[in-house]
Amino acid sequence: MQALFDILSQHVSAELAVFLVSMIPLIELRGSVILGTAIGMPWLRVLLISLIGNLIPIPFILVFGGKLFAWLRRQPLLRGFTKWYEEHLMSKSDTIRKYSFWGLLLFVGIPLPGTGAWSGSFIAVLLGVPPKRAFPGILCGILLAGIIMTVGSQGVASLIHLL
């Protein structure tokens with residue numbers, strides 16, 4: 001994480017670095033909150049920037065994700081990865097199928113590897129959940145993840161300062 005910050009800090013502000021990291025698939029808000037906390041930004045600023053950055057790609061994924069998957073399936077170099085990723089996402093889709101809003105909220109909101117707003121949005125697309133139904137659950141999940149990560153990272157940072 002420090003190496004990433006060192007590279008980014010030479011070219012962009014801390015706020016922009018947190019914003020950009022929050023938009024990266026699989027890292028998302030979970031990584032941006034840790035980054036912002038590690039560099040000493042105020043927790044509320046980190047949380048707000050991370051929430052906004054993580055939220056921006058979601059409407060685009062919900063609207064264009066199906067077309068993106070179709071295009072990726074046609075690319076010889078990406079076909080295998082796309083098939084694996086779809087199968088991986090669908091293996092986690094039972095909760096979302098069963099509980100809809102609450103399933104998306106929990107899938108996106110509980111910070112575990114392989115979960116998050118990007119994955120939740122792509123699962124919604126693969127399940128055919130309309131964007132207007134998927135977005136509220138994903139939004140609430142992003143808020144939950146932001147709170148969990150902010151509280152956790154602030155606690156860890158406080159412990160480190162005590163040592």
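Q: Which residues make the nonpolar surface patch of about 490 Å²?
A: This is a predicted model, in which local features need pLDDT of at least 70, side-chain atom pairs count only at pLDDT 80 or more, and totals for chains, interfaces and linings use all residues. Residues are numbered from 1 along each chain as its sequence is written, and side-chain values use heavy atoms, with hydrogens and water left out. A patch joins residues with over 30% relative accessible area and no salt bridge, like charges within 9 Å and nonpolar side chains (Val, Leu, Ile, Met, Phe, Trp, Tyr) within 5 Å; areas follow the Shrake-Rupley method with a 1.4 Å probe, only the protein chains shown counting as cover for residues, and a salt bridge places a side-chain nitrogen of Lys or Arg within 4 Å of a carboxyl oxygen of Asp or Glu. The patch is made by Ile52, Ile56, Phe60, Val63 and Phe64.

Q: Which helix gives the most to the nonpolar patch?
A: Helices (H or I, at least four residues) are DSSP runs, numbered from the N terminus, as are strands (E, at least two). Phe64 has its place in helix 5. With 3 residues, the main contributor is helix 5 (residues 57-73).

Q: Is Phe64 buried, partly exposed or exposed?
A: Buried means under 20% relative accessible area, exposed over 50%, and partly exposed in between (1.4 Å probe, protein chains only). Because its relative accessible area is 46%, Phe64 is partly exposed.

Q: With which residues is Ser93 in contact, leaving aside its neighbours within four places in sequence?
A: Ser93 lies in the loop between helix 6 (79-91) and helix 7 (94-99). Its relative accessible area is 0%, so Ser93 is buried. Contact means heavy atoms within 4.5 Å; on that basis the partners of Ser93 are Ile123 and Leu127.

Q: What is the angle between the planes of Trp118 and Phe122?
A: Rings of Phe, Tyr and Trp (its six-membered ring) pair if their centres lie within 6.5 Å; planes under 30 degrees apart count as stacked, over 60 as edge-to-face and the rest as tilted. The whole structure holds 8 aromatic pairs. Trp118 and Phe122 form a tilted one, 6.4 Å centre to centre, with an angle between the planes of 45 degrees.

Q: Which helix holds both Trp118 and Phe122?
A: Trp118 is buried because its relative accessibility is 18%, and Phe122 is buried with a relative accessible area of 7%. The two residues are 4 apart, about one turn of the helix, and both lie in helix 9 (residues 117-127).
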